[in-house]
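Reader: I'm new to this one, and I'd like to go through it step by step. Could you show it to me before we start?

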Amino acid sequence: MGRGKIEIKKIENPTNRQVTYSKRRAGIMKKAGELTVLCDAELSLIMFSSTGKFSEYCSPSADTKTVYDRYQQVSGVNLWSAQYEKMQNTLNHLKEINHGLRREIRQRMGEDLEELDIKELRGLEQNMDEALKLVRNRKYHVISTQTDTYKKKLKNSHETHKSLLRELETEEHAVYYVDEDPAGSYDGALALGNGTPYLYSFRTQPTQPNLQGMGYGSHDLRLA
């Protein structure tokens, strides 16, 4: 039995429609390639599915732009005029915006004020006052932050300095002496048995009254 004719109308089921499009797209691409090889034709094919998926085929001996340029020459239809006009309109709009911004900058610097009326001048003055407030608030915030940072660094430096002074005073007040006759004590006898003199150490507090009147001869204390 032969294949029955398929009624040419939109396939309502989206799944079946997508499957049919995929199969027939592959067939069209295959036929386009065969036509290019068999007939040495330059061919460009563009397709968009209902979901917006793009598919393209172009002969290996040409490119899409070349085919379109030849089409314009033969048909006399300018394919790029609409796009060029759109791009030109966009460019003109951007130029107007740039011109307006430059004029506003000059006006904020006190230039080109002759064309402004009293309402526009008041608006410009209000905008500049608001901008000045924002700048001042930002400046005070930066100054406050830097001041707090410097205070913390200064405090840490003072604490480090005090700690170093305390360590230095402790080292200066440390006094060591050697007992010439260590045999009189148990610790001294132990040190003497090891062949070393017994080393005593103590720390003095010169500010104490009971130590200010005490004197030591060279035979009593020796610095180690």
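This is a predicted model: local features need pLDDT of at least 70, side-chain atom pairs count only at pLDDT 80 or more; totals for chains, interfaces and linings use all residues.

Author: Residues are numbered from 1 along each chain as its sequence is written, and side-chain values use heavy atoms, with hydrogens and water left out.

Reader: Which residues of H2 are buried?

Author: Thr 64, Val 67 and Gln 72 are buried in H2, buried meaning under 20% relative accessible area, exposed over 50% and partly exposed in between, with a 1.4 Å probe and protein chains only. Seen down the axis of H2, these buried residues fall within an arc of 140 degrees, so they line one face of the helix; the arc is taken from the directions from the helix axis to the C-beta atoms.

Reader: And what is exposed on the other side of H2?

Author: Lys 65, Gln 73 and Val 74 are exposed there.

Reader: Changing topic, how many helices and strands does the chain have?

Author: The chain has 6 helices and 4 strands, which are DSSP runs numbered from the N terminus (helices H or I, at least four residues; strands E, at least two). Along the sequence they follow the pattern α-β-β-α-α-α-β-α-β-α.

Reader: Where does Leu 79 lie?

Author: Leu 79 lies in the loop between helix H2 (64-75) and helix H3 (81-108), and Leu 79 counts as partly exposed because its relative accessibility is 36%.
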